[in-house]
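Have a go at each task before you read its solution.

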Amino acid sequence: MALKLFNTLSRSVQEFAPLNPAGKKVGMYCCGPTVYDFAHIGNWRTFVFADLVRRVLEFSGYDVQHVMNITDIEDKIIKRVNSLKSSSDEAIKRSDAQSLQHSIASTLQPLRDFTGKFETAFLDDLKALGCREPHVKPRATEYIAEIIALIEKLIARGVAYKAADGSVYFSITKYQGCGCHYGQLLKLNFDEMRAGERVSSDEYEKESVADFALWKARVPDDGDIFWPSPFGEGRPGWHIECSAMSMKVLGESFDLHLGGEDLKFPHHEDEIAQSEGATGKPFVKYWLHGAHLLVEGKKMSKSLENYFTLRDLLAKGFTGREVRYLLLTAHYRETFNFTLDGLHGAKSALARIDECVGKLREVGAPASGPARTASQLAGSETGVPLLANFTAAISDDLNISAAWGAVFEWVRETNKKLAENTLSSTDAAVNLAAWEKIDSVLGISVKTETEIPAEILALAEARTDAKKAKDFKRADAIRDELKAKGWVIEDSPKGIKLKKCEQGIIHQL
Ligand code: AMP
Ligand code: ZN
């Protein structure tokens with residue numbers, strides 16, 4: 001079934017056809033997190049949406065190269081790092097020994113240490129939300145040479161210039177003069193634009209259609225955060241980072257570019273201008289934008305202080321899969337309000353699916369002999385209506401409401417058959433195979449079996465041996481070692497139990 005997606009560039013739903021029609025390879029870039037704080041679940045709505053797009057493409061048979069950058073140098077990051085520095089300066093003035101020690105340590109940690117902490121937290125959350133890890137995660141600070149080369153190319157082509165303040169700007173007038181179009185994703189009002197006006201901030205409003213910074217000359221407020229360049233000491237603007245990283249990894253033209261709807265302007269518009277201004281080739285074939293997650297009708301955001309991080313919700317007893325389910329309930333182009341009630345609803349919806357899938361596992365398990373493997377059943381699941389209904393829905397511009405409709409219809413029908421005892425063991429196994437295929441897109445099933453690494457099993461055995469030999473000191477040391485590796489060991493009358501502990505959540509195996 002042909003996959004259709006809404007392309008912001010054409011403002012219409014289009015059939016997806018990769019740039020390279022001969023192959024099945026697809027390049028997909030999603031603007032990643034700005035690592036100056038923990039991501040909130042509004043941010044996560046966009047990243048779960050990107051994960052859904054990737055999974056649907058893979059479900060449709062494409063070989064996706066998923067790239068998600070890490071924005072580790074940007075206005076907000078510099079402000080944060082420098083505010084840590086100024087609090088340290090304050091502490092020095094106050095000679096408060098305790099806070100002095102603490103804040104100096106914070107100030108002296110290099111930029112990478114500051115952003116690294118939030119990058120790690122982001123990747124942990126990504127996992128907890130069941131997202132497939134992007135294949136490439138370029139950090140902006142590791143692409144400074146590519147960024148500088150791209151700016152040099154833009155200067156050579158006459159669409160960028162060094163201003164009196166030492167910064168390098170992109171010239172919208174020169175770009176338009178070359179026959180290029182600025183305003184591909186949004187209709188822009190050029191009448192408001194005044195000659196010579198320019199913006200240096202990374203984020204600005206639609207009304208500010210003005211030359212924007214590619215390279216920002218070093219200013220005292222930047223502290224020690226700068227790189228040398230042919231244009232002078234400074235740092236890149238946010239927009240050029242994504243152009244340089246995406247083209248370096250995926251080539252000058254690639255298939256899909258994603259982000260939240262607030263990135264359409266200026267970020268994505270500027271990415272198009274920089275990339276097409278440098279190469280003269282179309283940058284991206286399909287632009288996909290996800291709508292915002294709201295709180296009482298307003299965009300969830302740090303500045304409005306109306307946000308929850310994933311960690312806040314885990315602390316309230318919800319799980320990553322419940323949050324994922326909730327974020328996947330609305331169509332990606334529709335805003336929706338986040339509520340804790342919504343999360344309670346997610347809990348009960350998942351319980352219904354889990355119960356049905358659990359019963360299918362019981363009925364589908366052969367009375368004797370080994371369990372049927374997916375390859376033994378391959379193909380038979382296509383007869384299950386769930387698969388056809390779900391595929392039709394999700395291929396239609398990710399019609400998630402219809403897709404969930406197909407899932408819950410199947411749950412109802414299956415529960416009925418299970419209650420009537422009219423589902424054979426083979427039918428159950430085939431239904432399970434269909435569900436597993438669907439879940440490769442939804443990513444919400446709890447894995448019933450987690451493989452226990454050989455190293456962990458060996459440690460568990462060594463602990464049992466130590467206990468038998470009454471060497472309790474060694475047994476306790478091994479228990480601690482297992483804990484440090486993320487495994488909890490429990491003794492029960494039937495023997496030992498190993499449980500995996502991730503993000504403070506223990507998974508029963
Ligand atoms: P940032 O870390 O601020 O660069 O944002 C990362 C991603 O989150 C971007 O794609 C934003 O568009 C997206 N985003 C920010 N706020 C929301 C929200 N309330 N709902 C959905 N996406 C959001
Ligand atoms: Zn970007």
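**Exercise 1.** What volume does the second largest cavity have? Then work out where its lining comes from.

*Solution.* Keep in mind that this is a predicted model.
- Step 1: the volume of the second largest cavity is about 50 Å³.
- Step 2: pick out its lining, which includes Cys 30, Phe 47, His 66 and Pro 134.
- Step 3: look for elements giving two or more residues to this lining, and you get H1 and strand S4 (63–68). H1 has the largest share, with three residues.
- Step 4: sort the lining by class, and you find seven nonpolar, one polar and two charged residues.

**Exercise 2.** Which element gives the most to the lining of the largest cavity?

*Solution.* 
- Step 1: the volume of the largest cavity is about 90 Å³.
- Step 2: among the residues lining this cavity are Arg 45, Phe 49, Leu 327, His 331 and Ile 400.
- Step 3: helix H1 (residues 41–59) comes out on top, with four residues.
- Step 4: by class, this lining has nine nonpolar residues, one polar and one charged.

**Exercise 3.** Is Asp 222 buried or exposed? Find its surroundings too.

*Solution.* 
- Step 1: locate Asp 222 in the loop between strand S8 (211–217) and strand S9 (234–236).
- Step 2: its relative accessibility is 4%, and buried means under 20%, so Asp 222 counts as buried.
- Step 3: skip the neighbours within four places in sequence, and Asp 222 contacts Ile 78, Asn 82, Ala 217 and Arg 235.
- Step 4: take Asn 82, which is 140 residues from Asp 222 along the chain; their C-alpha atoms are separated by 7.4 Å.

Key: Residues numbered from 1 in each chain as written. Chains lettered and ligands numbered in written order. Predicted model: local features only at pLDDT ≥ 70, side-chain atom pairs only at ≥ 80, totals over all residues. Heavy atoms only, no water. Buried < 20%, exposed > 50% of the residue type's maximum accessible area, 1.4 Å probe, protein only. Contact = heavy atoms within 4.5 Å. 1 Å grid on protein atoms, 1.4 Å probe; cavity = no way out; pocket = protein on both sides within 12 Å on 5 of 7 lines; lining within 4 Å. Points joined across faces, edges and corners; volume = space filled by probe spheres on them. Nonpolar A, V, L, I, M, F, W, Y, C, P; charged D, E, K, R; others polar.
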